[in-house]
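Me: Please walk me through one part of this model, slowly and closely. I'd like to see how its pieces line up.

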Amino acid sequence: MSDVILRVQDLVTSFQTESGKLTALDGVSFEVRKGRTLGVVGESGSGKSVTSLSIMGLLPKPAGRIERGVVEFHGKDLTKLSLAEMYRVRGNQVSMIFQEPMTALNPVKKVGRQLQEVFDLHFPSLNPKEAQERVVALLDKVGIPSPEQRAKEYPHQLSGGMRQRAMIAMALACEPEILIADEPTTALDVTIQAQILDLMKDLQESQGMSVIFITHDLGVIAEVCDDVIVMYGGQVLESAPVDRLFEKPHHPYTQGLLASIP
Ligand code: ADP
Ligand code: MG
C-alpha cells in the first residue's frame, strides 16, 4: 500500500551471549502507515524492545546483530545505512521514547536547555529568542504547567509524570515522522498513565504522526492504537486492525491474552 512509511520484513536479530547465540527476533514482519498508530503487544522477553532497537540502529554492539531482513523507511533500507546516515534519520525522522525518561534526558542540564539544543541542531535558522519561545510552546503542548518556570529546572526537579512529558517533548522537538514509544507509561501510576495516553493520542491526531506503541498491556492498545501486532518468542503471531483483533482474535495465544483482561 502506498501510504506505508515503514516496512519491516523478515527481520532476524540475534545476540551473542556467554552461553551461545540467542535469536531474539525470528522473522518479524509488519508495516506502519502514515498517520496511524501500530500497537506492539507481547509478554516480557517477546522481542518488543529488540524490535525498536533494531529499527533505530541502536542494538548493543558487538553482541547484538541484525542477521537478515529489511527495515524499509520510505523505501530506503535502514539496515544498510552508514552510522552517519542513521544518525541523521534518528535525529530527523524517527524518534523514540522509553519507559525510563532518564535514558533520554540529561540529568545535569536544564530541561529547556536540552530542548533548545535539539532545536539548534534541527532548525538552525531559528534565532535564540525564537528557539526559546518554541521550547516553552512545546512544554506547554505536552501539558507541563508553568512551562517557562519548568524550562529552568533540572529533570530531577520534575515529578515522574512531568519527566515523561519532558521526554515526549524532546522526542517531538525534531518533528519526527515516526515516534517509537517503548512502554512509555509502564512506570507511571494509573491516573498519570491515562493522561500520558491522552496526550499521545492528541499529538498523533494533531500532527498526523505515525506511532509504534509498545506495551505488554492489551487494554492500552485498545485505547490508543489503530492496528496491532501480537509478539511471542521473537515472532509476530497475529497482525490486525485493533477492532478485528478484539472482536475475533485468530491465534490461540491472542485469544488467551484477551480472555485474561478483567
Ligand atoms: P521485551 O518484549 O520485554 O521488550 P526484549 O526485546 O527486550 O523483550 O528481549 C527479547 C529477547 O532478547 C529476550 O530473550 C532478551 O533476553 C533478549 N535480549 C534483549 N537484549 C539483550 C542483550 N543486550 N543481550 C542479550 N540478550 C538480549
Ligand atoms: Mg521491552
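Reply: Let's start with the open sheet of six strands, ordered β6-β7-β8-β3-β9-β10 with mixed pairing. At its edges stand β6 and β10 (235–241), and each of these pairs on one side only. On average, neighbouring strands here are turned by 15° against each other, ignoring direction. (Such angles run from 0 to 180 degrees between N-to-C directions, along axes fitted to C-alpha atoms.)

Keep in mind that this is a predicted model, where local features need pLDDT of at least 70, side-chain atom pairs count only at pLDDT 80 or more, and totals for chains, interfaces and linings use all residues. Residues are numbered from 1 along each chain as its sequence is written, while chains are lettered from A and ligands numbered from 1 in the order in which they are written. Strands are DSSP E runs of at least two residues and helices are H or I runs of at least four, numbered from the N terminus; two strands pair when DSSP finds at least two bridges between them.

One pair to find is Ser95 with its bridge partner Leu179 in β7. What about the side chains? In a regular strand they alternate between the two faces of the sheet. You can see this in β6: Val94 and Met96 point one way, Ser95 and Ile97 the other, and all of them are buried. (Buried means 20 or more other C-beta atoms within 10 Å of the residue's own, exposed means 12 or fewer, and partly exposed is in between, with C-beta atoms placed from the backbone.)

Next, go to β3 (residues 37–41), which runs parallel to β8 (residues 210–215) with five bridges joining the two. Here Val41 sits opposite Thr215 of β8.

For a contrast, there's another open sheet, with four strands in the order β2-β1-β4-β5 and antiparallel pairing. Its edges are β2 (20–33) and β5 (76–77), which have a single partner strand each, so one side of each has no neighbour in the sheet. Strand β4, residues 64–73, pairs with β5 in the antiparallel sense through two bridges, and Glu72 stands opposite Asp77 in β5.

Last stop: helix α6. Of its 14 residues, 13 are buried, so α6 is largely enclosed by the rest of the structure. After α6 comes Glu175, with a positive phi near 50°.
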